[in-house]
Protein chains: 2
Amino acid sequence: MNTFKSVNPATGEEFGPQFTNATQAEVAKIIEAAKAPVLSPADRATLLSNISAAIESDRSAIVDIAMQESGLPEARLNGELTRTVFQINTFAKLVSTGTHLDVKIDSADANYGMGPRPDIRKQNQPLGTVAIFAASNFPLAFSTAGGDSASALAAGCAVVLKAHPSHPGTTRAVFASIQKGIAASGLPKEIFTLVEGNDPQITHWVATHPKITAIGFTGSGPVGKILMDLAAKREVPIPVFAEMGSINPVFVTSSAIIERSEVLAKGVVDSALLGSGQFCTKPGLIILPSSHADSFLAEVEKYLAALSVGPLLNKGIADRYSAAITELAKKNSVKVFTGINSGKGISVTPTFFIADWKTVSSTPELLEEHFGPTSVLAIADETDFEAIARSLEGQLTATIQGTDSDSPKELLSILAQRAGRVIWNGFPTGVSVTAAMQHGGQWPSSSSHTTSVGTDAIYRFMRPVSYQGVSQSNLPPALQDSNPWKVPQQIS
Amino acid sequence: MNTFKSVNPATGEEFGPQFTNATQAEVAKIIEAAKAPVLSPADRATLLSNISAAIESDRSAIVDIAMQESGLPEARLNGELTRTVFQINTFAKLVSTGTHLDVKIDSADANYGMGPRPDIRKQNQPLGTVAIFAASNFPLAFSTAGGDSASALAAGCAVVLKAHPSHPGTTRAVFASIQKGIAASGLPKEIFTLVEGNDPQITHWVATHPKITAIGFTGSGPVGKILMDLAAKREVPIPVFAEMGSINPVFVTSSAIIERSEVLAKGVVDSALLGSGQFCTKPGLIILPSSHADSFLAEVEKYLAALSVGPLLNKGIADRYSAAITELAKKNSVKVFTGINSGKGISVTPTFFIADWKTVSSTPELLEEHFGPTSVLAIADETDFEAIARSLEGQLTATIQGTDSDSPKELLSILAQRAGRVIWNGFPTGVSVTAAMQHGGQWPSSSSHTTSVGTDAIYRFMRPVSYQGVSQSNLPPALQDSNPWKVPQQIS
């Protein structure tokens, strides 16, 4: 099939225009046309602001098509658009300061401790043309103009966006807004280009094109690993910043259950069902203390039984979810709690699995990420929590639900060796876009130690370059003594 | 052969004690014993200072054995020891400030632009136990206590050092000094452990051990690529920071030759022969303007003819050098200039190759790095310099030798897209250890965009971790409001 259409998950029906798979020649042409002009911090901030303003002004049209293509509720998508605009503006603010250039100036020093030192000056420079692979589960905030694209543009790169075929119309709408923002800045439209299609071959063509210098990806582990393999086997290997998801363990102490059993049970279920369970930060493993598990499980069972979720994003996700749920339900010593299947469109039944830790730890499928409204509740002796934490693989997040009477230091320390973000008395879903955010953990949750959310995401798409003995007039502006861009210069 | 001895390159003779290849079980035991205690910035700085002080106090014994094992002159090795101590002290100064923890604190904010924000705090944390592979060509500054080890220790990691078999006695001497420094700090000796051997299998065992979290390597491209493959195929892939060398092109403008032909010719030759041509920053490709090449080449030929170099570091390097030189000399349209073979120990003949750019660009072997006293002088139309620069692969450094009458901006910009360090009117050999240094370029000169020299090298061995909603008493010290370590905190 060389063409495809949008599908409305709420009905399961196709609608809208036909989209065509890009050919290899078209992919190459798009990539080769990419342009990344050098801009002053002020001009780059303006570009980003113009893009976010255009997206904001197209809000209702974007949210409308996103609703039709994702089945997600209007409030969620409005929030996601707000977040998308906010994160672009956050990068605009950062780049306007020039902090991201990380300028260091070491003047010539004949008496330097290890021997005479030449004048040497360093700044971060953009990698060039980068490929961003859009995610399905955040059709706005991790798609066309999402965190990866925004950070790459902020870094000064040209972006080639591989659209996610699950929301092609939304992608076109956001792409049009981005182009308005670029035009308003008087810049070439090839700063941001679009590759459309649902043929996996397109991903290969993009990832292996010689002009691509880095890959940003949010999605499944198998696809992330394919991209890493492709990138490593290129004549010139390139970095792949892949955020591949995890099971985001939540450890619940007995004192927490004693203090707030009902609130906690609802909190766990709500977090696991948020966005129909299609968040990479979904709590997929809840570890309960055997001493107090029964009452807590009763709360979960009761609360879940009355809940349904919105349709899943596409039929592929729903099929994989249903297959996984069916298999897991057959396992020995595994209990099942279910919610309600709404029966509308691409609908599924929320399904939780309950087993003791011995069963969970010896059943690899229970420790895998399953997209959709499911989670595993594992019952363990509370004195084994630290050992369990040590046995877990890398995670985006890890959470402890406890009280002031707990002594969680050692458990926190173990979890901080596995996860990029550790949480106390919160839930992993909900990722703020801020300087201190780390969204990216140890393997297999991520391919690198970088973050894909928050301002530090920009550094994935820059590399440091030193200039030695270069005269003032030939130095890049940020490195000149006169500092025409007024960027922070660390001088020593 | 399960044992080996040191070889004195100045005589080609074996000497000293017998060294034994570590077995797989021994390698595992060494790695599993590694310890990386959490230290305050002040205590970590003290550890580093104690190590550097111990090395300094053992200077004469270290330099003595290094001379015997490397054939390098005493002044060079004394300078290298000074540099080794200096770079450890530079890291001590950095970590004492806590800057490297890169602490960011974002307080809870109910009115945050994208929706309520929890309290979230981020710091860099050490990766754990890292493997450092020592280089042969800097038996002190890039070996046992060299830049990779120093930056990993500074980051808070435990170091497992794979000794280079070309200087096993030097390694043991420096290792003993490191252990004195650790003992003086009252810390466990397993912060720094040693794996000895000349069996390539040992490298595999170290790189694939599950407890190893990252690899630092300085050496040849083929070995760097083996390490990258091993690291990528592990159950948990790990980053490899490999600095693999390059040909460090030097572009010479006609105005530079007109202004200072003799000085320049001597400078180029001296830089290429420094350390017997065994620097990863050796200028291995000098691009000369056809309009003024003849007179310059005459200077080079005359100067080189009277020069000899010290013995190469080991027989393997000398054999590969001689084989490469013999092959290159057979190429069509390639002229050869030679110096003098000292005839002492592992000696070779300095040999330069001269050809027009068309020949060079169509002879891949002329564009490869060859360790030893050789370089390629390529003659090109000066108007083709930019096109030539665009055709080059990634480099550690790239240099322009010109005058004020040149307009090098475009050439500099092209070179800055390929190299980690661009140099104007200097030579690439000589790498200062400073905040603004970037030693690491684009592929294939390096495996990543990081630097292995200068203070930024520390960030290779740390990863950011965020703490969300964690109470003051359970936060790591650097993230607490009371800031007991007095580190810089970026608060917003």
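I began with what surrounds helix α2 of chain A: its buried residues pack against α3 (59–70), α4 (74–97), α5 (147–155) and α6 (168–184) of chain A. I note that this is a predicted model.

I then looked up the helix itself. α2 of chain A covers residues 41–57, 17 residues in all. I read 24 Å from its first C-alpha to its last, close to the 24 Å expected at 1.5 Å a residue.

Next I checked burial. Of the 17 residues of α2(A), 12 are buried, so the helix is largely enclosed by the rest of the structure. I listed the buried residues: Pro41(A), Arg44(A), Ala45(A), Thr46(A), Leu47(A), Leu48(A), Ser49(A), Asn50(A), Ile51(A), Ser52(A), Ala54(A) and Ile55(A).

I moved on to the two chains. I found 54 residues of chain B in contact with 54 residues of chain A. On the side of chain B that touches chain A, at least two residues each come from α4 (74–97), β3 (103–106), β4 (120–126), α14 (409–416), β16 (419–424) and β17 (462–468) of chain B. β17(B) gives the most to this side, six residues. Sorted by class, the side of chain B that touches chain A holds 24 nonpolar, 20 polar and 10 charged residues.

Last, I followed β17(B) across to chain A. Its partner there is strand β16 of chain A, residues 419–424, and the two pair in the parallel sense over three bridges. For one position I noted that Ile423(A) stands opposite Gln468(B) in β17(B).

Terms used:
Residues numbered from 1 in each chain as written. Chains lettered and ligands numbered in written order. Predicted model: local features only at pLDDT ≥ 70, side-chain atom pairs only at ≥ 80, totals over all residues. Contact = placed C-beta atoms within 7 Å. Helix = DSSP H or I, 4+ residues; strand = E, 2+ residues; numbered from the N terminus. Nonpolar A, V, L, I, M, F, W, Y, C, P; charged D, E, K, R; others polar. Pairing = 2+ DSSP bridges. Expected span 1.5 Å × (residues − 1). Buried ≥ 20, exposed ≤ 12 C-beta atoms within 10 Å, placed from the backbone.
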